[in-house]
Amino acid sequence: MLVLGIESSCDETSIALVEDGKKVYTNIIYTQIDIHTLYGGVVPEVASRMHVKKITYVLDQALKESGKTLDDIDLVAVTAHPGLIGSLMVGINCAKTISLVYNKPIVYVDHIHGHIYANYLESDFTFPLLALVVSGGHTELVLMKDHFDFEVIGETLDDAVGEAYDKIARVVNVGYPGGPIIDKMAACGNPSYPLPHALINKDGYDFSFSGIKSAVINLNHKYEQNHQQINKEDLACSFQTAVIDILTTKTLKAVKEFGIKQVVVAGGVAANKGLRMKMQDIAESNNFKLTVPSFKYCTDNAAMIAVAGYFQYIKSK
Ligand code: KG4
Ligand code: ZN
């Protein structure tokens with residue numbers, strides 16, 4: 001089954017063609033990052049206008065690169081939520097138009113399901129499976145006992161991990177988006193600043209990252225007020241080490257409680273080198289299978305939406 005995936009929930013316009021959830025013919029991504037960098041974050045109105053401007057170009061490119069036509073496709077899969085409403089509308093209108101004109105079925109995909117299914121491009125799924133979802137808007141632990149069967153067993157009570165990364169990078173003034181920059185800085189530092197590890201030893205699987213974010217911001221502020229230079233690499237490393245400690249502790253706890261066979265890491269923060277390394281360590285020492293998406297499928301892309309759409313469609317039959 002050849003699926004046309006469309007993703008426009010935030011600041012990437014992406015269209016992909018994927019067969020049977022595995023074979024990626026094309027995955028064109030037009031990123032607006034340079035435009036939003038000027039403002040230090042995504043400006044929703046600018047984002048939707050850029051999607052309108054680029055989506056037909058991205059579609060043309062995808063068809064050209066794959067050598068396929070819209071007649072060849074069997075299903076249209078489009079991100080329907082969550083996301084910026086004006087941005088989502090652009091992808092949905094494109095998908096609906098193709099579905100109507102070419103008489104193809106359409107499925108409306110949850111963006112987070114897409115991030116989870118990005119892992120299917122690397123490896124088949126073995127259940128029960130646990131997804132550690134870490135993106136700019138979400139931090140969740142999701143238990144899956146079968147394909148397209150999602151149970152959120154824990155989530156952040158305040159900030160998402162990626163959001164905390166981006167906020168800290170802005171305050172410490174190192175650029176946007178914060179995640180990859182802090183990740184690089186952390187590799188050159190030591191975890192010398194003590195930071196809170198909220199909820200790490202609490203029952204259940206919920207997370208909280210606003211306390212650690214505030215602690216980093218306050219520490220930086222204190223140094224500025226005293227006209228002292230904080231060591232930014234050490235601060236980045238202290239923050240990243242604490243975040244990874246919290247994420248991996250809760251993940252491991254869930255692995256043991258639910259008899260998990262495979263863990264997948266999903267969302268933009270899955271690109272984090274420190275997190276990937278620590279997850280690999282705990283997978284080896286605790287004997288579970290770990291899958292992380294290749295870097296190009298960590299952040300927003302339409303291939304993951306096509307894969308999730310494929311399974312959503314099959315499950316609905
Ligand atoms: O999944 P995504 O592309 O968008 C949402 O669905 O939210 O995730 C974007 C987030 C941003 O917050 C970005 O800073 C973060 O992923 N990110 C990272 C890394 N690369 C991207 N965070 C930590 N380390 C990275 N290497
Ligand atoms: Zn995303």
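Colleague: Are H111 and H115 buried or exposed?

Modeller: Burial is judged by relative accessible area: buried means under 20%, exposed over 50%, and partly exposed in between (1.4 Å probe, protein chains only). Here, H111 and H115 are both buried. This is a predicted model, in which local features need pLDDT of at least 70, side-chain atom pairs count only at pLDDT 80 or more, and totals for chains, interfaces and linings use all residues. Residues are numbered from 1 along each chain as written, chains are lettered from A and ligands numbered from 1 in the order written, and side-chain values use heavy atoms, without hydrogens or water.

Colleague: In which helix do H111 and H115 lie?

Modeller: Helices (H or I, at least four residues) and strands (E, at least two) are DSSP runs, numbered from the N terminus. Both histidines belong to helix 4 (residues 111-117), where they stand four residues apart, about one turn of the helix.

Colleague: Which protein donors does the zinc ion (ligand 2) have?

Modeller: Donors are N, O and S atoms within 2.8 Å of the metal (3.2 Å for Na, K and Ca); water is not among the atoms, so sites may look incomplete. For this zinc ion, H111 (NE2), H115 (NE2) and D300 (OD) lie 2.0 to 2.1 Å away. Along the chain, their spacing is H-x3-H-x184-D.

Colleague: Which residues of helix 5 are buried?

Modeller: In helix 5 (residues 161-171), these are V161, G162, A164, Y165, I168 and A169. Seen down the helix axis, they fall within an arc of 160 degrees (taken from the directions from the axis to the C-beta atoms), so they line one face of helix 5.

Colleague: What follows just after helix 5?

Modeller: There, N173 takes a positive phi of about 65 degrees.
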